[in-house]
Amino acid sequence: YNKIPQYQLAILYTLYQDLLLENHQVNVYIYDPFFSLLEIQVCQTLGFLYINKNEEGKRMFNINTDFTLFYIPHVSNTLANNIISTNYQYLNKLALINNTLSESIKTQHFHHQNNTNPNKMLIEQLQKYCQEDIFNDSQLPTGVFNNMALHTYNIPADKNNMNNRVIRHTNTVHDKIISQQVSYEYDNTVS
């Protein structure tokens, strides 16, 4: 069996315990479509809250908290983009631990994941406001944090208002594309 997810879970649990020791209010929500019932129960025993359905990264975090961390090792850029798009107004209070976004953008891997997603440009637009601290995983087994980083954002208030308009526009375009695809699929099933 693969030990990488166990290391990732152990690191998440350590982070969780450290924050609790500092008297922070901490809720850890967890979702993995491949979790067995036993794995879900173990996570709940650790104090984590299990999300029962795939929200596709569209969970809005509690804006009354000081800070929210999304720990999403080795997920697609589409999922990271959904998190950023959904929580855009409060990005200065958000951090992501995931694949290095700068590398994903450079290698064009991001561009080939989903060409119909108009929000994909959001991750690229915000890259200049993103502080990316790459993890040194030399002390861990290979693959635990391969190509991973902590991403935090510092978006000026004037950019925040402008980009909210961009998000509304791209969401409208995305909805039109989806409705056209549904319409097209429906038309093809009729004939």
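Start with the whole chain, and keep in mind that this is a predicted model. Among contacts in the protein between residues at least 6 apart in sequence, 70% join residues at least 24 apart. Switch to a cartoon view and look for seven helices and six strands.

How much of the protein is buried? Of its 191 residues, 35% are buried.

Now select helix 1, residues 4-21. Show the side chains of tyrosine 13 and tyrosine 16, which sit three residues apart in this helix, about one turn. Are these two tyrosines buried or exposed, or something in between? Tyrosine 13 has 29% relative accessibility, so it counts as partly exposed. Tyrosine 16 is buried because its relative accessible area, 10%, is under the 20% cut-off.

Stay here and look at the rings. A pair of aromatic rings is described by the distance of the centres and the angle of the planes. The protein has six aromatic pairs. One of them joins tyrosine 13 and tyrosine 16: the centres are 6.2 Å apart, the planes make an angle of 45°, and the pair is tilted.

For the last stop, select tyrosine 29 and arginine 59. Which residue lies over the face of tyrosine 29? Arginine 59 does, at 4.6 Å from the ring centre.

Conventions. Residues are numbered from 1 along each chain as its sequence is written. This is a predicted model: local features need pLDDT of at least 70, side-chain atom pairs count only at pLDDT 80 or more; totals for chains, interfaces and linings use all residues. Side-chain values use heavy atoms; hydrogens and water are left out. Helices (H or I, at least four residues) and strands (E, at least two) are DSSP runs, numbered from the N terminus. Buried means under 20% relative accessible area, exposed over 50%, partly exposed in between (1.4 Å probe, protein chains only). Contact means heavy atoms within 4.5 Å. Rings of Phe, Tyr and Trp (its six-membered ring) pair if their centres lie within 6.5 Å; planes under 30 degrees apart count as stacked, over 60 as edge-to-face and the rest as tilted. A charge sits over a ring if NZ of Lys or CZ of Arg is within 6 Å of the ring centre and within 35 degrees of the ring normal.
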